[in-house]
Structure formats: C-alpha cells, structure tokens
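Reader: I've got a structure open and I'd like to learn how to read its packing. Can you walk me through it?

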Amino acid sequence: MICDVRPSRLLAKAVIIFALLNVAFAGLDPTVERLSVFNWFLPGRLRLPIHVDDLQASFNAHVISGLPKDSGEYRILLLGDSQTWGLRLPVQQSLGQQMNAMHLSACGRKLRFYNLALPFASALRDFFVLSESLKYEPDSVVWLLTLNSFLPRAEPLDPVKAQSQAAVSLLEQYALGRYRDLVGPIPSFLGRTPTAEAGRLHRLALLQLDGMRWTAGMIDFDTSPYEPQKSGVLDDPTWEGFAPPELDPAQLFFDVVGPMHRLAGGLPVLVISEPMFIAQGRNSAIRYNVQYPRWAYDQYLALLQRAAAEQGWPYMDLHALVADSDFTDVPQHLNAEGEKQLAQAIAPTILRMACP
Amino acid sequence: MSVLQIAVLVVLAAAVGQLRNGRQLAMLGISALAVFWLQPDEPAPGLRFWLPVATLGIVVVAWILTASAELRSRRLDWGAALVLFTIVVVVELNHYFGADVLGMAGTPRVEMLAAVFVGIAALALVLARTRGMNRIWLIAGFVGILLLFIMLKTPFLENSIEHSLLRIPVPRAGAGGVIPFTWMGFSYVAFRLLHTIRDRLSGRLPPVTLGEYANYVVFFPAFTAGPIDRVERFGAELRTPLPLTNADWLEAGTRLFVGLFKKFVLADLLAVISISDPLVSQVKSAAWLWVFLYAYSFRIYLDFSGYTDIAIGMGRLMGIRLPENFAAPYLKPNVTQFWNSWHMSLTQWFRSYVFNPLSRALRSAERPLPVWLIILVVQISTMLLIGLWHGVTWGFAIWGLWHGLGLFVHNRWSNFTRSRMPAWTQAGRGQAAMHALGVFLTFNFVALGWLFFNLSSPELAWRTLLRLVGLA
C-alpha cells in the first residue's frame, strides 16, 4: 500500500540512487556526443549546427562525418564565420552550397565543398575546427577571415569547451598554451556528473530532435526579421578597445596563423579577407561600417596579407567585392546574391589550387 | 515559471505546510510576493511593479464588493490586509534602499503608491457607505473586469492601451528583443473574480474572509496557469487544518516530479519540432507536417498538464487539494469526453456560467427552438467563448467553432447510432476496436484543431489542414 511507504525513507533512497547514478556517469565519462541520429537514421547536415556548444557532436551531425571520400572527390573545407555559414540564408544559398551548385571539377576530380564555418568569427576556433576535420581527408582549405576573427575573446570558443581537456592539449602541442583560459576549465569529477552537464546533455538531445526539421525541409536555423544596414556610422575611431594609430598584432590572434599552418601540414590553404558592408554616408571617412574604423581594418588587411605570405598561402582581399545592397543585417552577412558573387570570385583560384 | 522559481516556491510551500498557526496568512504573504516575482519584465519598467499592485488592488476591491457587511469589518481580515499592505510596501521600498528584491530595484516613488492606497481606501469607504447600491456596484465590477479582460485579450485594444495609455513606444519593424506586454496571471484572476461576483449576485457565494478570498484568487501554485478552483471548495480546504500524511507527501512529490518532467524535459524537447509558421512554410512533405502537428499536440498537453501537476503538488504540500485539470484527454474516444478531461476547471467554469444558463434560457423560452438547434447554439456559443478566452483573434475563434461543431456532430451522431449500432460493437473485441477507432479519430480531430490555435493566421491554418489531408 502506498500509505505504508515512509516519505523520508523514500526520499533518502532516491537521493542515494541519484547520487550513485551521478557518480557512475562521471566515473565512466561516456562520450555521449558520439551518439547521433545523423548520417544513419537521418541525413547529415550541410552546415555545423549552431547553439550546440559541442564541436564533436556538431561534426557527428555534419554530412562530412558520414560521407566516405572516394577517389573522384576533391574535398575542400570552408572555414569562417557567420558569413561563410550563411546566417539568415537557407543552406542552399550559403557559400558552400552555391559552390557545390557550380559543379566544378579539376584534374578529373569533382570539387566538393564542406561548410565548416560557425557564427562568431574566431581564428582560434577555426584552428580547432581544422584539427577536428583533418580526419575527414580534406584536399584543401578555404579560410575566410575578418578583423573580428583575430579578436581574443572566449564566446566563439564555446563549441570546444565540452572537450576542454583535448583542447588544452592541442593548444599546448602547438605552443598556444597562453589561450588555455579561453577554452574554459577542465571539468572536475563533479563537473562531469549529469547534473552538472544537464545543459549540454539537453542541447545534445535537442540537436537530435532538430534533425527532424533538417530532414523535413533542410531547416537548420530560425529566421527572424532584421533591420538592414545603415549608410551612416558614428564618428568613433576605436575598435573593441583599440585606439589609433597602431593595431598591435601581439594583442590579437595573429599568432594562430603559424600553428594553423603546421596543423594543416601540406594542405593548400586559401586565405580570404571576406567581403563586408562599406558605409557610404555620414562618418564613412572614419569607419568602414559600424564594426570597423578604417585605420584598424586597413592595418588588419596588411597584417593578414603578410601572415599569409609568410606561410606561403595564397591570399585574396575581397573586402570590397560585394555591393552594399547585397548585405543583410550586419556588415558581414550577405544575401544570396552576395554569396553567389563570393563563390564566383573564389572559384578560379580554387580550381588552380586543385589542379596546379 | 522557471525551475528555480518552482524550486523556491516548493520549499516555501513545504514550510507553510508545517505551520500549526498562521498558515493562511503565510500562504497569502507568499502568494502576494509571488505575484510580484512571477511578473515578467515589461516594455515599460514601472509596469513590472504596477501590474502586480493592480492585481492585488483589484482583489481587495472585489472582496469588498462581494463580502457581506459583517465580514468586511471582521478582525481577522485586518491581518490579511496588513500582509498585503506590507508586501507591497516592502517591494516598493527597494527604491529607497537601492536593493533589488525580486528584480524590482526601479520601483516608483512612495507618493504614487500612497495615492493608490488612499484611492483603494476611499473606494472601500464609498462602497461601504452605499450598501443599498451593492447590486449596481457588483454589476459594475463584473462588467469592468470583463471589459478589462476583453481589452487585454484583443490585440488591437491591447496595443492601444500599451502605446496610447501607457505610452510604450511602438517597436520598429524588425527590431529584435522586444519585450511583450504581459499581465501575469490575469486570465485566471479575472475568471476567479467573475465567478465570485456572479455567485454573489445570485446569492450563492458563501461568506469568505479577505484572507480566504485573496488566497483563492492569487494562490501562488495556481496563479499563472490554473486550475480555476471554486471559492467555496477552496475556502473549505483552507479552513480545514490538514496535518500532512505520508500519502500527502508521496502524492505531492510524485505530482511535482511528474510535472517537472513533463514540462521541462518532454514539452521543452517537443517544442523544437512543434508545428509553427516557419515549419509550415519550409516543409514540403505532408507526412512530416503530421509529425510536427503531433509533436505540437503532445507538447501543449505536456506543457499545460505539467504545470497543473506542479500546482497540485505544491498545493498538496500545504494541505490544499486543487482540482484536477486533465484526465488523459488524448485517450478519450469522442470529443465530448475529450472536453470533459481537457482543462477541466475552465470547462467547468463555462459550463456553470455559460452553457447551463444559456441552455435553460433557450429551453424555457416561450417558443422553444428545436432540441438540435438548442444544442448547436449552446455548444457553439460556449466553445466560441472558450476559444476567445485565449485571445480575441480569428484563429482562437475558429478553434472554438471547430470544437463546437465537433461536439454538436458527436452529440447528433451518438443520438443517431444509440439504437442502431450492431451488437458486435457493444462487447469484447468489437467494442475495443470501436473504442480505439474513436480515440484515433478524436485525437486527430483535436490535433487538426490545434492548427487554428497555434498558427498565426486562419488562412495559413486552413491551407496547412488541406495539405495534411491531401487536398492541396
């Protein structure tokens, strides 16, 4: 009879069982991120999922992890930020799919592009993405960057925090240990319990369910209305705490380029300064747009060109490629036509890389 | 309510349940605080404070209206009045001490609040001095609350109040992060108040003190999502000191656990794949649309019934048995039984104050309508009003009509088939098969109805419905 049960004893037993389950989970530390419905039950995604905060799980959801490379494929990875990801655009209109739609081939191999970009620009995050993607046998990499990619900040690194132990090891292996704080602390035993990891586990479950939306209509983000870019900007000459006249590369992520080169090994990497909205109105002599003052961005262009040259990588400066009308809400976000122009601009260089 | 808010309120409820004395006042204090705490951020900062004050003020005025003369002056009520006054003043004093109690550091200056207190006191005095006009005041109160409810539920009128009366700027098109105007709990508060005023007018309202009345209207477990109890039942529960038994603890714990799991695990997961405008516009396959429609159907049930479980569990911790709101509605073999087991406290309210009086009026008319027409009129009117209770929009109205017609068709069908059904359908496997068929049809009828409830326009809902059934 239920009334014979003593609630205090029941509660005590429940607490003990709960604690034991937590300890067991933390002790076993199962790689739950490997459980994925994608690429077997549901088709793999064409872009890394956003808001997942787990790079391993994101890759397991991506088509690249379920598509064995055949000898006729020339595999190209696209690394970058929300512009390359195609934020505000259906996946079919994003850069990777526009390039795939061009059906390029070189030296008898079909070029296939994989969109491995993620919103929030970060050269260091791209370093981790490249590290994770090397096992999928890429033939070359296209790395799209902007000044914000070199801003040392922790938010874009959220996806690697779930595997912070491996991330720290990688940083130390490539002499980037000074950034270990950005990838978050290595979780303690208690930090590995399902109670502590509830948020991540919840997001992993959501990712699997979200696969139904992906399968049903290739839906991988929620659209919302936005305000278009303004032609006028403020007269503020600073950028993220940096004031003119000198942009000190030592305070930025430029030291990631060398390790990126070592990590890529012999892979050809095309470095691109990505297109951005250039304001034409008030104060446009001071700033290119709401994000970048001209002095900082011009110095970044020179620094990036030099860094690419030092590594022997081809470089394209496409910052002024796209007309104002082909941007959406922020200076990096392109509309479908803008992404198409970008695809057409880089295709010849990629073809040369694929068939030198 | 967030998990944190629920956890805090559960602990408080368990503590109140252990009190030997002062349980009512403690409950009232927590409920009044919860009215402030659960009020979400508003587009105009002052509203975060004034809306809860308005809720409590309306409750006090409604009690003055509905209470008998001798109850109004009972000493016991001064305790409840003092609790309400103290809670409002404590929250208000944030302004002077720079504190951030309940996230309300920016409360208005005390002069404004004093003016409100004086206003309520003056109104109470007027009501007391004009006892002969009590019926007029009651009708005015009823109409006033109803009008306020209608204004808040009508998007056009609500926008007018927001932007013209409250001077909240109109958000620019496409601007993100706009905080919606929300008067937390008012839908339920209004229906509890209307019930008491209506019963007072008809002489059926039992005597209730201010403490009992205010507890009934803003009882914190049921404040945001019901159930809508009846004051006489709730008052009796309050007055009966109930030492908690093992069974109570177990029941409370089980309901809380089940409710939290339903709401924060199942419903929140299903939210990702619930049918919505963007999904409908981007998904081409009807089969997937069915999947997303089913996901929404289960999500809305799990979300709402989860909250009810939590409310019932919390109430039980304090020795209060709140009424059930759901009884496995998706397992019912017809739409009539569905509505006897879905949001039962709301349907009970409408049965008492719309369905039954309207039926009686039509049947006792000098030239009564045919029975089938009375059933049609009454069921459609009741369900239309239930639809509009959720919001005065075409979508909710059509959802109400959909169910009204469903109830009418079922009524006529069961009347027609009562003596015509073959014997094999009355027992054994035949009966089970008919039951299963009924459950299947009812569930799908209800699920299709959710299109009008959830999608932004009836046109989109109709087009989606046609796609689902293969006609578009």
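Author: Axes are lines fitted to C-alpha atoms, for helices over the stretch in contact, and angles run from 0 to 180 degrees between N-to-C directions. Helices (H or I, at least four residues) and strands (E, at least two) are DSSP runs, numbered from the N terminus. This is a predicted model, where local features need pLDDT of at least 70, side-chain atom pairs count only at pLDDT 80 or more, and totals for chains, interfaces and linings use all residues. Residues are numbered from 1 along each chain as its sequence is written, while chains are lettered from A and ligands numbered from 1 in the order in which they are written.

Reader: At what angle do helix H5 and helix H9 of chain A pack?

Author: About 5 degrees, with the axes of H5 (residues 123-133) and H9 (residues 257-264) of chain A 10 Å apart. Angles under 35 degrees count as roughly parallel, over 145 as roughly antiparallel, 65 to 115 as roughly perpendicular and the rest as oblique. H5(A) and H9(A) are therefore roughly parallel to each other.

Reader: Which residues make the contact?

Author: Two residues are in contact if their C-beta atoms, placed from the backbone, lie within 7 Å. H5(A) brings Phe127(A), Leu130(A) and Ser131(A), and H9(A) brings Pro259(A), Met260(A), Leu263(A) and Ala264(A).

Reader: And in chain B, how do helix H10 and helix H11 cross?

Author: At roughly 140 degrees, with the axes of H10 (residues 186-201) and H11 (residues 210-218) of chain B coming within 8 Å. That makes H10(B) oblique to H11(B). Here Val189(B), Arg192(B) and Leu193(B) of H10(B) meet Tyr216(B), Val217(B) and Val218(B) of H11(B).

Reader: What about the sheet: what is its strand order?

Author: Two strands pair if DSSP finds at least two bridges between them. In chain A, six strands form an open sheet with mixed pairing, in the order E2-E3-E1-E4-E5-E6. Its edge strands, E2 (105-106) and E6 (315-317) of chain A, each pair on one side only. Strands E4 (residues 140-145) and E5 (residues 269-273) of chain A run parallel, joined by five bridges.

Reader: How many residues of chain A are in contact with chain B?

Author: There are 20 residues of chain A in contact with 20 residues of chain B. On the chain A side, helix H8 (residues 198-217) gives the largest share, eight residues.

Reader: What does the model score?

Author: It scores ipTM 0.83 and pTM 0.88.
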